[in-house]
Amino acid sequence: MPGKRRDDPNPVLSGIAHTAASLAFFSACALGLGAAVYAMGDADDAGPATHIALFEDAPHDAAPVLKARLDARDLRPTRAVADEPSLGVTYAAASVPERSQPLEQGDAAPQSVRINGHTVRPGQALSDVTAAAQSPAAEPVTLPRAPISGLYERASIGRLPVIAASGVTPAGAYARPFENPDGKPAVSVIVGGLGINYTHTASAIDELPPEITLSFVPHARNLQTWINRARAAGHEVLIEMPLEPYDYGRVRPHPQTLTVADVSSNANKVDWLLSRGTGYFGVVNYQGAKFATDRAAAEPMLSALAKRGVAFVEDGSLSRSVFASTASDTGTPFVGAAHTIDDDTDADAIEKRLLALEKIAKDDGSALAGGFAYPVTIDVLQAWAGRLEDKGLVLAPASALLSDAQRVRQVTAIAAPGAGDPAP
């Protein structure tokens, strides 16, 4: 048998040699390409770059000047600091426009963040924001603790509102007192969807002006605690009543949604919803595009509210609604919103809707709008409310716009601290 030839190549050594040759070849190509780019390329075209300058351009013999901060306020310490060293730095005046003024095209909008439910803008510390919110000057008038004696009855499902023997109604007693001696056009806003998200709910209660009405979902955990907190901050309160929309069969409904097909069961649902808490002056619809067009369904519901002295508020999201005329026929205190403000959650869009609300108020004497507790809505409403006085407008609670104003004025008869029973 012939022997193996000594000059046959070793397959392992051959593979290693080929791999090394390939690596050497591609490395040489990469190095050559890099050298060509380095020699002929432009460094300014290498990609996006951010240039940060701590100082403005100035002559070498001049003191350095820091670039303007993002905030329009003077950010230097408000109290003197002993033996503060001089750094030879002069602060430039800030040039960022205030939030109350529209930004011109190309201007950089000042950024803000929300921390623990508080809006913190550039140059601010969270401790400063929370301290300002908790200062005595910022505390609103506290509304009496609910329930008020004589305005409820005990049932197996909880407390239900009733008209007092004196004729005072929950719609009047739990409304926020309001005076407008100068007869200025009044604007009102309801912020709803509260009780589900803790941060958004706390922000609405603590940050919004007390004249803004708050509405809570009936199935919120610790609902009475939220109502007590809102009233302690000066906000009047509504409970949201789920009503049948057109797509009721395609969405997961609230189990106590009032429907047009089963009117006989709506009375029990109304009682259940009203028993979830106490201290509200009325209810506001949640959805209900279909229910609002059916008078046969709307009339029993509004009659039940009228018998208990509870108001009904329409949130501005419905079309072809029969609530206004039916409330008039049943004697139910009623007010309807002109529109909602944050279907589009862009800040500029919300501002435009609020401007439209102002125009309606100036034309008609008053106007109401609805919205939700989105962070952007809360921020815009804060700034907007501060500008109303200069425009000759007054911010009013929604109850001040009720058609049955006499029932609302009765609040002064019993709205005094200590009038309430112990909380449930």
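Which side chain does aspartate 329 meet in a salt bridge? In this predicted model, where residues are numbered from 1 along each chain as its sequence is written, local features need pLDDT of at least 70, side-chain atom pairs count only at pLDDT 80 or more, and totals for chains, interfaces and linings use all residues. Side-chain values use heavy atoms, with hydrogens and water left out.

The partner of aspartate 329 is arginine 295, at 2.3 Å from N to O. A salt bridge here is a side-chain nitrogen of Lys or Arg within 4 Å of a carboxyl oxygen of Asp or Glu, and the structure holds nine of them. Aspartate 329 belongs to helix α8 (residues 323-330) and arginine 295 to helix α7 (residues 295-307), so this pair ties together parts that are 34 residues apart in sequence. Helices (H or I, at least four residues) and strands (E, at least two) are DSSP runs, numbered from the N terminus. Aspartate 329 is exposed, at 54% relative accessible area, while arginine 295 is partly exposed, at 32%. These words follow set cut-offs: buried is under 20% relative accessible area, exposed is over 50%, and partly exposed is in between (1.4 Å probe, protein chains only).

Next comes the packing of two helices. Helix α9 (residues 347-364) and helix α10 (residues 375-385) pack at an angle of about 45°, their axes 10 Å apart. That makes α9 oblique to α10; angles under 35 degrees count as roughly parallel, over 145 as roughly antiparallel, 65 to 115 as roughly perpendicular, and the rest as oblique. The axes are lines fitted to C-alpha atoms, for helices over the stretch in contact, and angles run from 0 to 180 degrees between N-to-C directions.

Glutamate 351 meets arginine 387 at 3.1 Å, N to O; arginine 387 sits in the loop between α10 and β15 (394-395), 36 residues apart from glutamate 351 in helix α9. Arginine 387 is buried, at 16% relative accessibility, and glutamate 351 is partly exposed, at 22%. Glutamate 358 pairs with lysine 391, again at 3.1 Å from N to O. Lysine 391 lies in the loop between α10 and β15 and glutamate 358 in helix α9, so the pair ties together parts 33 residues apart in sequence. Lysine 391 is partly exposed, at 31%, whereas glutamate 358 is buried, at 5%.
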